[in-house]
Amino acid sequence: VQLQASGGGLVQAGGSLKLSCAASGSVFSVNVMGWYRQAPGRQREVVAGITSDGRANYAASVKGRFTISRDNAKNTVYLEMNSLKPEDTAVYYCNAGVKDSDYLVTNDYWGQGTQVTVSS
């Protein structure tokens, strides 16, 4: 099982970006999917999470600006980021609880990270 993230980049403050992350390989089912971020010199923090039935939660710092969604048919989670601020600059990582189809065991997987840079 692999998680492949994409969609990062450089954007001006106030701009928007959309991240995507797809689970592939021996995927039987995907439970909670989420996004984390890590800025230089800081610990990794949760940004948002979404259950398989679409219930979402957000960190207070992004609530109202970011929207998490998922396409269960594609095993893909999205993070639409609007009104971006310089303090949103970080490497963004996707995370998912995936039950593999080989052994029907659920494990926690991480994507490779994608850089988001917001200029002031």
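D100 lies in strand 9, which spans residues 90-100. This is a predicted model. D100 is buried, yet it has no salt bridge. Strand 9 also holds C94, one end of a disulfide with C21.

**D100 and its surroundings**
- The nearest side chain of opposite charge to D100 belongs to K99, 9.2 Å away.
- A salt bridge needs a side-chain nitrogen of Lys or Arg within 4 Å of a carboxyl oxygen of Asp or Glu.
- Leaving aside neighbours within four places in sequence, D100 is in contact with V1, S26, F28 and V105.

**The disulfide**
- The whole structure contains 1 disulfide.
- It joins C21 to C94, with an S to S distance of 2.0 Å.
- This pair links distant parts of the chain: C21 sits in strand 3 (residues 17-24) and C94 in strand 9, 73 residues apart.
- The torsion about the S-S bond of C21 and C94 is about 55 degrees, so the disulfide is right-handed.
- Both C21 and C94 are buried.

- Strand 7 pairs with strand 8 (residues 76-81) in the antiparallel sense, over 6 bridges.
- I68 stands opposite L79, a residue of strand 8.

Key: Residues numbered from 1 in each chain as written. Predicted model: local features only at pLDDT ≥ 70, side-chain atom pairs only at ≥ 80, totals over all residues. Heavy atoms only, no water. Pairing = 2+ DSSP bridges. Helix = DSSP H or I, 4+ residues; strand = E, 2+ residues; numbered from the N terminus. Buried < 20%, exposed > 50% of the residue type's maximum accessible area, 1.4 Å probe, protein only. Lys, Arg positive; Asp, Glu negative; His and termini not counted. Contact = heavy atoms within 4.5 Å. Disulfide = S-S within 2.5 Å.
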